[in-house]
Amino acid sequence: MLRYIVIFCFLFYIPSAVAELYVEKQILTKIENSWNDITTMSASFTQINADGTVEEGIFYLTKPYKSRFEYLDKKNEIIITNKNLLNIVDSSGYQIDGYPLGDNPLKKIMGKEISLSEIFNINKIIQVNNHYQIEALSQSQGEMGKAVFYFSKETFDLKKWEITDEFNNITVLEFTNLKKNISLSQNLFVVRYN
């Protein structure tokens, strides 16, 4: 009798697991297609830092790799990225500090075409209210970290990310007022060097 119960459980579990994987793959494909259709975007953001402080600003993206974070409460500090560097610049556009991006997963997300399953080991995809929540670990050599992404169930737009670094510090960015495929000046991404 026990053997029949084990066989029944096995036969019941396998189709449901396969169906779940199929649904997750469909969701991932829709999210990737939506993200890959974006060439430029802007959004307001709220950033919650590991120490609990909250900052707000405006985010700009031009693919591949160019992004700009303008902090509203730090009038003299802007973060600009390109393929190789994350630059902290002053309000005049002059570089203060530059940090190599290396093989960082967030850099890869800003690429022209992405496949989330090639960038991350996807732990799980779950539905939370009106979002898909994707829990992922970096696949990059030497880049430790975990990420949780929230995408709209309706539009598949990125709504929020939670990044956990190698020291278990969590930084949360939540995006609102998202505008896609808009005209952006390339001057937004210019860093001047002294």
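## Serine 42 and the sheet around it

Serine 42 belongs to strand 1, which covers residues 40–48, where helices (H or I, at least four residues) and strands (E, at least two) are DSSP runs numbered from the N terminus. The model is a predicted one, in which local features need pLDDT of at least 70, side-chain atom pairs count only at pLDDT 80 or more, and totals for chains, interfaces and linings use all residues. Residues are numbered from 1 along each chain as its sequence is written, and side-chain values use heavy atoms, with hydrogens and water left out.

Leaving aside neighbours within four places in sequence, serine 42 is in contact with Phe59, Tyr60, Asn177, Leu178, Lys179 and Ile182, a contact being heavy atoms within 4.5 Å. Serine 42 is buried, with a relative accessible area of 10%; buried means under 20% relative accessible area, exposed means over 50%, and partly exposed lies in between, with a 1.4 Å probe and protein chains only.

**The overall fold**

The secondary structure comes to three helices and 11 strands, and from the N terminus on the elements run α-β-β-β-β-β-β-α-α-β-β-β-β-β. Of the 194 residues in the protein, 37% are buried. Among contacts between residues at least 6 apart in sequence, 41% join residues at least 24 apart. The protein exposes about 11,700 Å², of which carbon and sulfur atoms supply 54%; these areas come from the Shrake-Rupley method with a 1.4 Å probe, and for residues only the protein chains shown count as cover.

In what order do the 11 strands form their open sheet? The order is 6-5-4-3-2-1-11-10-9-8-7, and the pairing is antiparallel, where two strands pair if DSSP finds at least two bridges between them. At the edges stand strand 6 (95–100) and strand 7 (120–128), each with a single partner strand, so one side of each is left without a neighbour in the sheet. The twist averages 20 degrees from one strand to the next, with axes taken as lines fitted to C-alpha atoms, for helices over the stretch in contact, and angles running from 0 to 180 degrees between N-to-C directions. Strand 10 (residues 158–164) pairs with strand 11 in the antiparallel sense over five bridges, and threonine 164 stands opposite isoleucine 170 in strand 11.

**Cores and rings**

The largest nonpolar core has 32 residues, and those with the most contacts inside it are Ile31, Trp35, Phe120, Phe149 and Phe175. Helix 1 (residues 2–36) gives the most to this core, with four residues. Apart from it lies another core, of eight residues, among them Ile80, Val89, Phe189 and Val191. Such a core is a set of buried Ala, Val, Leu, Ile, Met, Phe, Trp, Tyr and Cys residues joined through side-chain atoms within 4.5 Å.

A search of the whole structure finds eight aromatic pairs. Rings of Phe, Tyr and Trp (its six-membered ring) pair if their centres lie within 6.5 Å, and planes under 30 degrees apart count as stacked, over 60 as edge-to-face and the rest as tilted. The rings of phenylalanine 59 and phenylalanine 69 have their centres 4.7 Å apart and their planes at 45 degrees, so this pair is tilted. Phenylalanine 59 is in strand 2 and phenylalanine 69 in strand 3, 10 residues apart, and both are buried. Phenylalanine 59 also pairs with phenylalanine 175, with ring centres 5.5 Å apart and planes at 55 degrees, so this pair too is tilted; here strand 2 is linked to strand 11 across 116 residues. Ring pairs link Phe45, Phe59, Phe69, Tyr71, Trp161 and Phe175 into a cluster.

**Backbone exceptions**

Most residues other than glycine have a negative phi, and most peptide bonds are trans. A cis peptide bond, however, joins lysine 63 and proline 64, with omega about 0 degrees, and proline 64 is found in the loop between strand 2 (54–62) and strand 3 (66–71). Tyrosine 65 lies in the loop between strand 2 and strand 3 and has a positive phi, near 75 degrees. Asparagine 177, placed in strand 11 (residues 170–180), has a positive phi as well, near 50 degrees.

The table sets out the accessibility of some residues discussed here.

| Residue | Relative accessible area | Class |
|---|---|---|
| Phenylalanine 59 | 4% | buried |
| Phenylalanine 175 | 4% | buried |
| Tyrosine 65 | 21% | partly exposed |
| Asparagine 177 | 55% | exposed |
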